[in-house]
Amino acid sequence: MQLKDQVVVVTGSTRGIGKEIAIAFAQAGATVIISGRNEQMAAETKKEFVQKGLKADHFACDVTNLKNVEEMVNKILDKYKCIDILINNAGITKDNLLLRMDEADWDEVLNINLGGVFNCTKVILRSMLKAKKGKIVSISSIIGLTGNVGQANYAASKAGIIGFSKSIAREIASRGITVNVVAPGYIQTDMTAQLNDKTRDEILNHIPLKRFGSPSDVAGVCLFLASKEADYITGQTIIVDGGMAI
Ligand SMILES: NC(=O)c1ccc[n+]([C@@H]2O[C@H](COP(=O)([O-])OP(=O)(O)OC[C@H]3O[C@@H](n4cnc5c(N)ncnc54)[C@H](O)[C@@H]3O)[C@@H](O)[C@H]2O)c1
């Protein structure tokens, strides 16, 4: 897949799945914008890419802050003139049973996971509409489809991404822009490193492919959805979960 001369923004790309997605796009020839809340981490990640001969830039941005997103996008557009691909990846968990979940944990998860997708999509869409092209891929989760004990806030945010994306896909289909979702199962990253051995074994019992996914399993699907080969695919949710939700 060749993405030469394409400019890609990946939110939350200083580590984990986002970083792996950024690597996959950069290896396909794209210029990748590394973005995260922490300026220093974003700068270090960009440096790593450049040292490997990959095209990358970095901007600090908190996806919950609309003004911050607008500032980042204006700077990118000033420098690169267009944004061809947006990968909405930034996300967090704050798990608890509903009766123990406080309002702050509900709000934070919804604001980052769903509010961030709203902010970035809305702002970047303006330039995509002018260019009459663009690909938007958002990272949901299998939990957004199945629900999970202790994850009402996370599941609501991730299900929200799916409904949001189907709506925007319909709104802008006639403008040559596609909007799709990737719903990973359990992927080996910092987010899942917190699981204890017992929980890990229980989860593995429910995965037909008998392993956790790797960030590159997710990155490959994002790459496909953002490529020319996927021009006729929009409003879809692709599950990458080793068969867990069959
Ligand atoms: N790891 C999994 O098993 C798994 C499964 C399904 C879905 N996901 C989703 O994949 C995405 C990446 O997860 P991960 O496992 O790599 O997590 P991670 O915690 O390793 O990385 C998350 C990234 O998001 C960034 N981020 C968090 N809040 C932000 C904010 N307000 N503004 C900008 N950036 C912010 C973090 O700095 C980090 O770079 C998330 O949306 C997550 O919900 C992960």
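This is a predicted model: local features need pLDDT of at least 70, side-chain atom pairs count only at pLDDT 80 or more; totals for chains, interfaces and linings use all residues.

Reader: How many nonpolar, polar and charged residues does the contact of α4 with α6 have?

Author: On the α4 side the contact includes Trp106, Leu110 and Phe118, and on the α6 side Tyr154, Ile161 and Phe164 are among the residues. Asp105 of α4 and Lys158 of α6 take part too. Sorted by class, that contact comes to 11 nonpolar, 5 polar and 2 charged residues.

Reader: Are α3 and α4 roughly parallel or roughly antiparallel to each other?

Author: Helix α3 (residues 66-80) and helix α4 (residues 103-131) have axes that come within 9 Å and cross at roughly 30°. The cut-off for roughly parallel is under 35 degrees. So these two helices are roughly parallel.

Reader: Which residues of α4 make the contact with α3?

Author: This crossing is right-handed. From α3 come Leu66, Val69, Glu70, Val73 and Leu77. Facing them from α4 are Asn119, Cys120, Val123, Ile124 and Ser127.

Reader: Now the sheet: which strands stand at the edges?

Author: It's an open sheet of 7 strands with parallel pairing, in the order β3-β2-β1-β4-β5-β6-β7. An edge strand here has a single partner, so one side of it is left without a neighbour in the sheet. Those strands are β3 (56-60) and β7 (237-240).

Reader: Which residue in β2 is the bridge partner of Thr11?

Author: Strand β1 (residues 7-11) and strand β2 (residues 31-36) run parallel and are joined by 5 bridges. Thr11's partner in β2 is Ser35.

Reader: What angle does the direction of α9 make with that of β6?

Author: Helix α9 (residues 215-225) packs on the sheet and touches β4, β5, β6 and β7. Its direction and that of β6 make about 165°.

Reader: Last one: which element has the lowest mean pLDDT?

Author: The protein averages a pLDDT of 97, and 100% of the residues score at least 70. Among the elements, β5 has the highest mean. The lowest, at 84, belongs to helix α7 (residues 190-193).

Methods: Residues are numbered from 1 along each chain as its sequence is written. Axes are lines fitted to C-alpha atoms, for helices over the stretch in contact, and angles run from 0 to 180 degrees between N-to-C directions. Helices (H or I, at least four residues) and strands (E, at least two) are DSSP runs, numbered from the N terminus. Angles under 35 degrees count as roughly parallel, over 145 as roughly antiparallel, 65 to 115 as roughly perpendicular and the rest as oblique. A crossing is left-handed if the near helix is turned anticlockwise from the far one by less than a right angle, and right-handed if clockwise. Two residues are in contact if their C-beta atoms, placed from the backbone, lie within 7 Å. Two strands pair if DSSP finds at least two bridges between them. pLDDT is the predictor's confidence in each residue, from 0 to 100. Ala, Val, Leu, Ile, Met, Phe, Trp, Tyr, Cys and Pro count as nonpolar, Asp, Glu, Lys and Arg as charged, and the others, Gly among them, as polar.
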